[in-house]
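This report describes one protein chain, going from the whole fold to single residues. Please keep the sequence and the model open while reading.

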Amino acid sequence: MDFKKLSPEQMKIAEMVIEAANEVGVDPNLLLAQAFQESGFSHIPSKDPKSDAFGVMQIRPGTAKANNLGDIRDLKTNIYGGAKLMKQYLDKYKSPEAALLAYHQGPGVADTYIKSNGDLKSVGPKGLDYVINIGTNGGFGQPPAAEAAAEGEEPAKPPFVPVADTFPP
């Protein structure tokens, strides 16, 4: 992730994401990459008419209500709500990949991933691309490799690179 290319508003949001991650106890690298994947650090509602997700962390109203996350239309509440939800999933699954899958596609998909002993191919191309894209932006993956997985190859999963350590640029 190249912080030098962010607008001043995006930089402000990235700073809030780091603050929320540190306060809630989530790796700031993971939450930064996730927020960037979800919204590009934008709090503008999704232009996709099929989506009811909102804000930087793209939280759905039903998810917010079920998890007592508050008013997700508020920028800070949205970011902290996403951080709290990721913390729940990280605590439950003990795996950043499984937590990301639970956040993006629901706990059932994360359970499938865990039961497959961490085989990303088991969650399909949507989940595979989501995890790998976040990994690329956060440093734990290679560029999107849905094609490689579809051909039976396992995408590489190197460890996180500390993106937050390079912030601000």
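## Terms and overall fold

A residue is called buried when its relative accessible area is under 20%, exposed when that area is over 50%, and partly exposed in between. The model described here is predicted.

The protein chain has eight helices and zero strands. Read from the N terminus, its elements therefore run α-α-α-α-α-α-α-α. Of the 169 residues in the protein chain, 49% count as buried. The accessible surface of the chain comes to about 8,400 Å², and carbon and sulfur atoms account for 52% of that surface. Among contacts between residues at least 6 apart in sequence, 45% join residues at least 24 apart.

## Helix α5

Helix α5 covers residues 96-105. How many of its ten residues are buried? Seven of the ten are, and the helix is mostly covered. The buried residues in α5 are Glu97, Ala98, Ala99, Leu100, Leu101, Ala102 and Tyr103. After α5 comes Gly106, which has a positive phi near 105 degrees.

## Where α2 meets α5

Two packed helices are described by the angle between their axes and the distance between the axes. Helix α2 is made of residues 28-39. The axes of α2 and α5 come within 12 Å and cross at roughly 35 degrees. The crossing of α2 past α5 is right-handed.

Which residues make this contact? From α2 they are Leu30, Gln34 and Glu38, and from α5 they are Pro96, Leu100, Tyr103 and His104. Sorted by class, the contact of α2 with α5 has four nonpolar, two polar and one charged residues. Two of the contact residues on α5, Leu100 and Tyr103, are also listed as buried in that helix. In general, an α-helix has 3.6 residues a turn, so residues three or four places apart point the same way.

Pro61 is found in helix α3, which covers residues 61-66. Is Pro61 buried or partly exposed? Its relative accessible area is 45%; because this value lies between 20% and 50%, Pro61 counts as partly exposed. Leaving aside residues up to four places away in sequence, Pro61 touches Asp52 and Ile72. The C-alpha atoms of Pro61 and Arg73 are separated by 9.4 Å, and these two residues are twelve apart along the chain.

Asn68 is found in the loop between α3 and α4. Its relative accessibility is 72%, and because this is over 50%, Asn68 counts as exposed. The C-alpha atoms of Asn68 and Gly81 are separated by 8.5 Å, while the residues are 13 apart along the chain.

## Aromatic pairs

A pair of aromatic rings is described by the distance of the centres and the angle of the planes. The structure holds two aromatic pairs. One of them joins Tyr89 and Tyr93, whose ring centres are 6.4 Å apart and whose planes are at 40 degrees.

Helix α4 covers residues 75-93. Tyr89 and Tyr93 are four residues apart in α4, so about one helical turn separates them. Tyr89 has a relative accessible area of 12% and is buried. Tyr93, with a relative accessible area of 9%, is buried as well.

Definitions and conventions
Residues numbered from 1 in each chain as written. Predicted model: local features only at pLDDT ≥ 70, side-chain atom pairs only at ≥ 80, totals over all residues. Heavy atoms only, no water. Buried < 20%, exposed > 50% of the residue type's maximum accessible area, 1.4 Å probe, protein only. Contact = heavy atoms within 4.5 Å. Areas by Shrake-Rupley, 256 points an atom, 1.4 Å probe, with all protein chains shown as cover. Axes fitted to C-alpha atoms, helices over the stretch in contact; angles between N-to-C directions. Left-handed = near helix turned anticlockwise from the far one by under 90°. Nonpolar A, V, L, I, M, F, W, Y, C, P; charged D, E, K, R; others polar. Phe/Tyr/Trp six-rings, centres within 6.5 Å; stacked < 30°, edge-to-face > 60°.
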